[in-house]
Amino acid sequence: MEGLETSFQVLHPQRGNPKWYVHIGDFANMLKAFIGSNYLSIAFAFHQSGLVPGVVCLLLIASVTDHCCHMIVKCKYKAIDAVVCVESVSETGATNDGDVVIENTFSFELRQKMLRNLSYGDVGKISYGRFGLYIVNFCIFITQFGFCIGYFIFIGNTIQAIFPFHMCNLMNGTYLCGGDNRTSNYGDTSLSRRDVYSGSNNSIGSSMTHFYLANQESDSDPSMLELDRNTTGMNVTNITAISTSILLSTAPSLKLLVLLPLPVFIGFSYVRNVRHLGGISVGANISIFFGAVAVLIYLMADFSVSPSYRLYNWAELPIFFGLVTSAFEGIGTIIPIESSMEGNRHNFSAFLHGAVGTLSLVLLAFGVLGYLKFGESTSQMINTNIPSTTWVATAVNICLCIGVILTFPLQIFPVIELAEVYTFADGKCCGPKKGITDRHADYSDQDALLPSDSSSSSHVPLAAAISKEVSTLKRNVLRMFIVGVAAGLAVIFRDNFAYIGAFTGAIGSSMLAYILPCLFYNKLCGPSMPWYIKAKNIIIIIMGVSCSVISLYSTIRNLVDSA
């Protein structure tokens, strides 16, 4: 009996009673995992869908996201149960009470190790082998890398919006700009009027000079019609049919502004341990919070409904799916966050409901208010709808830029980690050959998942590690290359912030949030699962795949059209 009591205490430890500040910290981590900078494009998402489908689909996506987040955590525990059962049987075959205590003690040690270290990729590997691991890592890589590209684009466009404009009047075929009688003759430049966005800054012609046409028919503030470089068909010589003046931006080339944070981002990429980013994360949270509050205050101040908003826009609804799915960006970090809540995991469900609910309210506020206020003039980034001449715009843009810059190292860290594992791990193209180094004595950055006395097991995924034989120079070159590729893609798609988010949501976020949790749950719980639960999961998978494919097609079509 004493052995059985010991077994019960080992397998069922009492849950903790954490202090109030632990609750606040755990909820803050959960909320920060979901809230990034993508809320700034939600008003544009409503512009794509129309008001009514936008509200309904956002609430539906939020509900499914919350459900699937719970499901992936359940998959984690099911995977642990499966592995612990196999490991316990293979470790001992004893049947007496003393042996049961040894077996349960080993199982508890293994379980606790897995509770702290099991990742989304490990759940995929336990469910579907190496294929499950690879597909999870691919989706995480695409999602995080897409966010990083978006950060370059966001900073470049936001800095560009801070620069003032010169009013240029047409006289004898030449535009006279500002009070210094500087001239700008764009007679040979090919232009178009593909979209109408008030306040967004796009480039025109090979000279990369930015300007807006004054709109004589609009009462919006700032009242201007955008001409951009994205399509051809209208020459500047025809501008007189629309207006006799333009606003010429004094900003440098958008290409250069997008590349402006590159040195800082390369420096952040050299950080080896995510724990060193704690202070940076706090600064990012504060900056993004103040920026978001300022934008929200501007939207509510002197609020009036634009006559150009639409209730329905079914043609572009797939873009909405990708944008909103990418805005719920916390699914990839749910398992690590739940793992970090040791002693407080019984509050995980409440914190998750609160975080998803809070984010849903934030997205609804930005989406509905932004779209109703600006209508068809809604920008891809709502902050660029704020007139750049106001102090509010300057303060908002500075706060948001600081927040995004400080968030970048947290977003690029998983990308670099995965790239290094598939490049420098044992047996990989640039790593040491398998079997040359000692498994536990010669590795850096990460620990093996299994306890040391069970390292020979083949049933449990082991956390990948990089041998110390791989030089720091090689790793730094790879990190610099990854950030450089993100910067290069950002330059190419510098005018497509929202579509990069939609592309990321359609490929990576939808797989991580909807499809994979249901696949893993059906695999791990299949025999004992009621038929209606299995049917529900299959419906989510079918809907997720269908929406992802349609959204991806629409996003690529828009990117090609704007190229």
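**Notes on helix packing and a cavity**

1. Axes are lines fitted to C-alpha atoms, for helices over the stretch in contact, and angles run from 0 to 180 degrees between N-to-C directions. Helices are DSSP runs (H or I, at least four residues), numbered from the N terminus.

2. The model is predicted: local features need pLDDT of at least 70 and side-chain atom pairs count only at pLDDT 80 or more, while totals for chains, interfaces and linings use all residues. Residues are numbered from 1 along each chain as its sequence is written, and side-chain values use heavy atoms, with hydrogens and water left out.

3. The crossing of α10 and α15 is left-handed; that is, the near helix is turned anticlockwise from the far one by less than a right angle, whereas clockwise would be right-handed. On the α10 side the contact (heavy atoms within 4.5 Å) involves Ile319, Phe321, Gly322, Leu323, Thr325 and Ser326. Their partners in α15 include Ala498, Gly501, Gly505, Ser509 and Tyr514. By class this contact has eight nonpolar, seven polar and no charged residues. Ala, Val, Leu, Ile, Met, Phe, Trp, Tyr, Cys and Pro count as nonpolar, Asp, Glu, Lys and Arg as charged, and the others, Gly among them, as polar.

4. α15 also packs against helix α16 (residues 531–562), at an angle of about 165° and with the axes 9 Å apart. α15 is therefore roughly antiparallel to α16. The crossing is left-handed, and the contact has 18 nonpolar, eight polar and one charged residues.

5. Isoleucine 507 lies in helix α15. Its contacts, leaving aside neighbours within four places in sequence, are Phe138, Cys139, Ile142 and Leu552. Isoleucine 507 and cysteine 139 are 368 residues apart in sequence, yet 7.2 Å apart in space, C-alpha to C-alpha.

6. Which helix gives the most to the lining of the second largest cavity? It is α15, with five residues. α6 (120–162), α10 (317–327) and α15 (497–525) each supply at least two residues of that lining. The lining has 13 residues, and Asn38, Phe147, Gly150, Phe497 and Gly501 lie nearest the centre of the cavity. Six lining residues are nonpolar, seven are polar and none is charged.

7. The second largest cavity holds about 90 Å³ of space, and a search of the whole structure finds two cavities of 30 Å³ or more. A cavity is a set of points, on a 1 Å grid over the protein atoms alone, where a 1.4 Å probe fits but cannot get out; lining residues have an atom within 4 Å of a point. Grid points are joined across faces, edges and corners, and a volume is the space filled by probe spheres set on the points.

8. Helix α13 (residues 391–424) and helix α14 (residues 472–492) pack at an angle of about 125°, with their axes 10 Å apart. That makes α13 oblique to α14. Their crossing is right-handed. The contact divides into nine nonpolar, one polar and four charged residues.

Methods: 1 Å grid on protein atoms, 1.4 Å probe; cavity = no way out; pocket = protein on both sides within 12 Å on 5 of 7 lines; lining within 4 Å. Parallel < 35°, antiparallel > 145°, perpendicular 65-115°, else oblique.
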